[in-house]
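Please look through the following report with the sequence and the 3D structure at hand.

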Amino acid sequence: MSRLLFLLALLVAVPSLAQETGGEALDGTFRAVVVNAQTDRPLESVHVVNLNQVVGTITDQNGEFSIRAAVNDTLYFSYLGFKSQKIRVTNDMFRFEDTEIALTELAYALEEVIVRPYQLTGYLEIDVKNLPINTGYQYSISGLPVSYEAGNKTPGAVTKVLGAIMNPADLLRNLFGRQPNQMRKLRKIKEDDRIRDLLASKFDRETLMELLQLEKVDIEDILTNCNYSNSFIKTANDLQILDALSSCYEEFKVLNREK
């Protein structure tokens, strides 16, 4: 009789134990819905990026999305007019299929603005002299497949470019060396079309900072030391900045290896 009771207890305990242990290592495809925190209405075309696995997706017309993820991965949500948000994936989010992520609208205080950057006369010969000129110059070096920006055309500009190319470790070792893991993400970021599309529409460096775990000042320092002009650094979209960082890092690795 005691043996029979033991077997019955074991049969009841095994499924429960399997369910509990199975939840500790949940990973695969994570599904959820993104809604407006004020109206509870689903949000379409919200960008969702897994910062750990460097993959991205967007929500459909019902606000739903699915993305590759594991427990403790961090998901980054970005949508125009809404505050960006990060969440940590938990076991419960995998167990239950009704997970909702609410984004909060940004409030803007708009003032009347008169856009009048230049005083134009209507005469082409006069107006063309008053328009600003981009002072960032490109320098090409024989034997290298790419050109380099060196800012204003000053007597030392070419020397600065050559010095950075011939001895980049002195300029960039500290910048790249502090974030080796983040720099390795560059190639993975470039391979995901959803993330590239997101970065192409961004100009604030916010998503790029989250992906690479770099401060904005660090990104600007890297590009400055790679001889990109201030006009490029200030006006390029995040995808162009990503490609510039990647190019700079790849050249740094090659030239540093040859030393």
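Phe30, Phe65, Phe77 and Phe94 form one aromatic cluster, and the structure as a whole holds five aromatic pairs, where rings of Phe, Tyr and Trp (its six-membered ring) pair if their centres lie within 6.5 Å, and planes under 30 degrees apart count as stacked, over 60 as edge-to-face and the rest as tilted. This is a predicted model, in which local features need pLDDT of at least 70 and side-chain atom pairs count only at pLDDT 80 or more, while totals for chains, interfaces and linings use all residues. Residues are numbered from 1 along each chain as its sequence is written, and side-chain values use heavy atoms, with hydrogens and water left out.

Two of the pairs involve Phe30, as the table shows.

| Pair | Centres apart | Planes | Kind |
|---|---|---|---|
| Phe30 and Phe65 | 6.0 Å | 65° | edge-to-face |
| Phe30 and Phe94 | 5.8 Å | 70° | edge-to-face |

Phe30 lies in strand β1 and Phe94 in helix α2 (residues 91-95), so this pair ties together parts that are 64 residues apart in sequence. Phe30 is buried, with a relative accessible area of 0%, and Phe94 also counts as buried at 18%, where buried means under 20% relative accessible area, exposed over 50%, and partly exposed in between (1.4 Å probe, protein chains only). Phe65 is buried as well, at 5%.

Which side chains gather in a patch of negative charge on the surface? They are Asp40, Glu97, Asp98 and Glu100; such a patch is made of residues with over 30% relative accessible area and no salt bridge, like charges being joined within 9 Å. A salt bridge is a side-chain nitrogen of Lys or Arg within 4 Å of a carboxyl oxygen of Asp or Glu. Asp40, found in the loop between β1 (27-36) and β2 (47-50), is exposed, with a relative accessible area of 58%.

Note on methods
Patches are made of residues with over 30% relative accessible area and no salt bridge: like charges are joined within 9 Å, nonpolar side chains (Val, Leu, Ile, Met, Phe, Trp, Tyr) within 5 Å. Accessible areas come from the Shrake-Rupley method with a 1.4 Å probe; for residues, only the protein chains shown count as cover. Lys and Arg count as positive and Asp and Glu as negative; His and the chain ends are not counted. The place of a charge is taken as NZ of Lys, CZ of Arg, CG of Asp or CD of Glu. Helices (H or I, at least four residues) and strands (E, at least two) are DSSP runs, numbered from the N terminus.
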